[in-house]
Amino acid sequence: MDEKAAVENKPGRGLGAPSLVPVEEERSSASSKDLDDAYELYRGQDVTDIDPREARQVLRKIDWHILPLLMGTYLLQFLDKSSVNFASVFKLREETNLHGQDYSWTLSLFYFGYLVAQWPAGYLIQRLPAGKFIGGSVLAWGLITIVTPACRSFAGLAVNRFFLGCCEAAVNPGFVLVMSMWWRQGEQPIRLTTYYSMNGLAGIFGGLLGYAIGHITTGLSPWMYIFIIFGSVSLAWGTIFLIFMPDLPSTARFLNERQRIVAVERVAVNRQGVKNHHFKPYQMWQCLRDPKTWILFVMAVAAQIPNAAQSSFASIILETFGFDVLETQYLQIPGNVIQITSLLLSGWISSRFPNMRCTVMLVGNLICVACSAALVRLPVGPDGTDNSWSRLAALWLCSFQSVGFSLSLTMVSSNVAGYTKKQLTGAFLFVGYCVGNIIGPQTFIETEAPFYTSAYVAMLVGYSMKTVMVIVLYVYMYAVNKKRDREAATAGSGLSEEQEKEAIEQGMQDVTELDNKGFRYVL
């Protein structure tokens with residue numbers, strides 16, 4: 001019997017009543033590869049015995065301990081990878097001898113490194129303790145950032161950016177997996193958008209720091225201080241992350257033994273388990289055949305092609321609008337405020353109201369389509385400075401793009417089960433993320449400056465394609481849910497108590513969402 005078949009047809013544990021099957025008998029009937037890493041804790045408690053007040057207390061402890069670690073790490077990874085944006089107007093390009101498309105290639109090479117490391121990082125996160133692996137990655141990228149001022153040529157900067165991308169590759173897919181380890185499906189959007197909003201805070205912090213550094217007239221060149229400061233902070237934070245980030249709820253030192261059981265039982269109802277460190281080939285093939293994988297991949301490519309305008313080229317774009325060097329730093333702040341506000345609002349709506357994620361994504365995408373169309377169509381004049389404030393407002397509002405991408409990550413954390421399949425789906429999504437970010441900088445063609453027509457057209461195409469794919473994803477998942485409801489012969493979208501028990505048990509035995517007929521997609 002293959003490992004997939006071994007998981008199917010297991011007796012349900014039963015969350016509404018104690019299991020009638022002895023623990024050892026049930027364990028022997030399932031391959032040890034199928035059982036979740038937290039299965040022993042899960043077996044030790046019935047959800048019906050957990051006081052809701054106790055569950056809320058555990059949730060608060062998780063929020064106060066885990067979420068700040070994710071937020072700080074995400075803020076620093078964005079600062080470090082975007083440091084070239086802040087440095088670009090402080091003679092980085094001149095002192096590293098960048099010419100023509102060299103600057104664009106230093107941006108793309110970061111994502112080549114991210115792309116190359118994506119599959120190994122996903123595999124190692126599954127096989128190794130996740131907290132320690134991510135913490136080690138933070139230390140590595142902090143070290144690479146702090147030595148960037150030693151690069152004085154395109155070749156040196158290109159190698160530096162490539163390896164920075166390799167080291168940061170673990171963060172995004174790792175955090176998607178962390179989401180499903182600690183929080184229920186309905187709790188995930190607001191937590192994910194909270195840590196994702198650190199991109200906006202990093203933009204504000206980076207802009208203010210860039211403005212302050214721009215007034216330094218002695219010592220090193222101003223652009224060097226940006227890398228030295230950001231890298232030093234990352235090294236310190238990586239140490240904190242290694243010390244305080246637990247690998248699993250079942251090993252969390254900030255929870256007592258009873259609270260660890262509650263933490264595992266809380267997320268068991270996701271029907272996805274917590275973590276399984278065994279790589280399962282059948283889940284890999286299933287991932288490749290799953291339409292969601294490819295829909296999310298195309299969405300990620302389309303979402304990230306416009307990203308260069310919001311990150312690495314933001315300072316340069318503002319220069320082409322006619323603003324001076326210091327103004328390019330602080331005029332990025334309103335866009336970052338919009339990003340933070342839109343992310344937190346979208347996360348709250350998606351957590352507060354069931355099955356609103358695709359709708360919220362669609363609204364955010366349509367705003368971006370309208371604003372990128374304005375960037376394409378508004379007259380710019382002979383020197384590119386006409387309608388500068390109108391175009392600046394449109395660029396700020398394109399910050400809504402983060403809404404669609406962040407909620408697409410919850411499609412992996414909430415709607416994919418089977419740990420191998422989940423990490424591979426996340427890897428595919430971030431391969432698309434890399435492809436889009438590799439393409440994006442190349443649309444800023446040096447010979448088109450200061451107009452960058454190709455870049456603005458690429459933004460409009462990317463946002464439009466992303467909008468279409470959100471609709472396709474919604475229709476697919478809605479159709480699957482309705483088909484399963486009919487097959488289960490239930491009223492509405494609910495499951496019988498016995499079917500619910502079996503679905504949760506299969507989740508703890510690492511059954512994928514395609515095989516677990518009790519699984520329903522969050523829309």
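The model is predicted, with local features needing pLDDT of at least 70 and side-chain atom pairs counting only at pLDDT 80 or more, while totals for chains, interfaces and linings use all residues. Residues are numbered from 1 along each chain as its sequence is written, and side-chain values use heavy atoms, leaving out hydrogens and water.

I begin with the cavities. A cavity is a set of points, on a 1 Å grid over the protein atoms alone, where a 1.4 Å probe fits but cannot get out; lining residues have an atom within 4 Å of a point. A volume is the space filled by probe spheres set on the points, which are joined across faces, edges and corners. By this rule there are four cavities of 30 Å³ or more.

The largest cavity holds about 310 Å³ of space. It is lined by 29 residues, and those closest to its centre are F78, N199, N307, S311 and Q401. Helix 4 gives the most to this lining, with five residues; helices are DSSP runs of H or I, at least four residues, numbered from the N terminus.

The second largest cavity holds about 160 Å³. Of its 17 lining residues, Q310, A314, Q332, G335 and N336 are the closest to the centre.

Is F205 buried, partly exposed or exposed? F205 counts as partly exposed because its relative accessibility is 43%; buried means under 20% relative accessible area, exposed over 50%, and partly exposed in between, with a 1.4 Å probe and protein chains only. Leaving aside neighbours within four places in sequence, F205 is in contact (heavy atoms within 4.5 Å) with L79 and F230.

Technical notes. 1 Å grid on protein atoms, 1.4 Å probe; cavity = no way out; pocket = protein on both sides within 12 Å on 5 of 7 lines; lining within 4 Å. Helix = DSSP H or I, 4+ residues; strand = E, 2+ residues; numbered from the N terminus.
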